[in-house]
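Open the model in your viewer and keep the selection panel at hand. This tour goes stop by stop.

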Amino acid sequence: ENGDITVFRGAVDDAISMNTGDVAAAGLVFGDWTLCEAKAVNGKRVPKAKVLEEMALRLEEIIDFYVKTGFVIDLMGGETADLPDQVKSFVYDVALYAKSKKEAVIKGNVQSGDLIFGLASDGQAIWEDEPNSGIMSNGLTLARTYLMHAEYTDKYPWLIQDDGAYQGRYHYDDVPEGIELGMTVGEALISPTRQWAIVIRHFLTRLMENGLLDQVHGITMNTGGGATKIGHLGTGGIRYVKYMPAVPPIFQLVQRESEESWKNMFQGMNCGVGLDIMISPEKKEEVLAILDPLSKQIGIDLFELGHCEALEDQSVKNEVSLETDYGNFDYKL
């Protein structure tokens, strides 16, 4: 709409973080990483050369940032293809291979009594140039459909899913009424996924230096599954009880405009908590003496969310129980 090609940089942030965050959540932050990428572009609809240049520059910046943090990354390169018949605008894919010593792996061996802490998905980390809405990379189809103005359906029909259309009332540069978003609707929707692997490496490094790494029983980056993703950890028979903090404005706006149930909102989107961390209560104070100052140092809010408890039937799947400002919700996974 405004000709600003730099917006495509956020796709690099999203693709990198969606891979590195999950890998880091398994503790694989101390070994070598190998990364490759592939770009598929419809040169008839986006300015191919300019888009590729911006994405290459952003990739270089992110890799440099990771290396300065201590990661060892081998960038294998990738593939660029002009596919006007297959791709509506552009697609950016990343694949990541990681290895680590066995003792550094976080296995997800969650136990009854474990405590749950979370880090905010919104706000502004010290390395981020501007505030983040916190939306990350899930629920965006719902958000775009019900926030973006219906006229964009006619203006950009090739951006529309086959079975849907934009149904919202906002233009990209609108500021919504009644909700203090702190940015335009467009800026909120394209806020990139935070580089959670950077946070995780800092945390795990300090735990390892203090002999506390075994106190972390699980980490989840809350993308697929949103606030309930935590339930996929552990072998079964665990109920994850979480007391969710106030929901950031972007999620309030999406819910208001879409009229989606809050129960589904918490299952489809992170709703303000980008990272969940499960720790043993045994050395809680020692672990928090590392996690709390770290969160303040990097500028990301820390929440004490809840705890894990054993279900009577240990053979059943895990459950998640959320207490929120909009009601209490139970999920069987």
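A residue counts as buried when its relative accessible area is under 20%. By that cut-off, 51% of the 333 residues of the protein chain are buried. Keep in mind that this is a predicted model.

**The whole chain**

Show everything as a cartoon. The secondary structure comes to nine helices and 10 strands. The radius of gyration of the protein chain is 20 Å, close to the 20 Å that the globule rule gives for 333 residues, so the chain is as compact as a globular protein of that length. Along its principal axes, the C-alpha trace spans about 60 × 45 × 35 Å.

**Stop 1: Thr20**

Select residues 9–25, which form helix α1, and find Thr20 in it. Is Thr20 buried or exposed? Thr20 counts as buried, because its relative accessibility is 1% and the cut-off is under 20%. Which residues touch it, leaving aside neighbours within four places in sequence? Thr20 is in contact with Trp33, Tyr66, Leu96, Gln195 and Ala197. Keep Tyr66 and Ala197 from that list on screen.

**Stop 2: α2 and α6**

Select residues 48–69 for helix α2 and residues 196–209 for helix α6. Their axes lie 11 Å apart, at an angle of about 5°. The two helices are therefore roughly parallel to each other. Show side chains where they meet. From α2 come Phe65, Tyr66 and Thr69; from α6 come Ala197, Ile198, Arg201 and His202. By class, this contact has four nonpolar residues, two polar and one charged. Tyr66 of α2 and Ala197 of α6 take part here, and both also touch Thr20.

**Stop 3: α6 and α9**

The crossing of α6 past α9 is right-handed. On the α6 side, pick Val199, His202, Phe203, Arg206 and Leu207. On the α9 side, pick Val287, Ile290, Leu291, Leu294, Gln297 and Ile298. These residues divide into eight nonpolar, two polar and one charged. Look at His202: it belongs to the contact with α9 and also to the one with α2.

**Stop 4: α3 and α7**

Move to residues 140–147, helix α3, and residues 249–258, helix α7. How do their axes cross? They come within 9 Å and cross at roughly 60°. That makes α3 oblique to α7. The crossing is left-handed. Leu142, Ala143, Tyr146 and Leu147 of α3 make the contact with Ile250, Leu253, Val254, Glu257 and Ser258 of α7. Its residues are seven nonpolar, one polar and one charged.

Stay on α3 and colour by burial. Leu140, Ala143, Thr145 and Leu147 are buried. What covers the buried residues of α3? The cover includes α5, residues 185–189, and α7. Ala143 and Leu147 are among the buried residues, and both also take part in the contact with α7.

**Stop 5: His232**

Finish in a loop. His232 sits between strand β5 (216–221) and strand β6 (238–243). His232 is exposed, with a relative accessible area of 57%. His232 and Asn318 are 86 residues apart in sequence, and 7.2 Å apart in space, C-alpha to C-alpha.

Definitions and conventions: Residues numbered from 1 in each chain as written. Predicted model: local features only at pLDDT ≥ 70, side-chain atom pairs only at ≥ 80, totals over all residues. Heavy atoms only, no water. Axes fitted to C-alpha atoms, helices over the stretch in contact; angles between N-to-C directions. Helix = DSSP H or I, 4+ residues; strand = E, 2+ residues; numbered from the N terminus. Parallel < 35°, antiparallel > 145°, perpendicular 65-115°, else oblique. Left-handed = near helix turned anticlockwise from the far one by under 90°. Contact = heavy atoms within 4.5 Å. Nonpolar A, V, L, I, M, F, W, Y, C, P; charged D, E, K, R; others polar. Rg over C-alpha atoms; globule rule 2.2 N^0.38 Å. Buried < 20%, exposed > 50% of the residue type's maximum accessible area, 1.4 Å probe, protein only.
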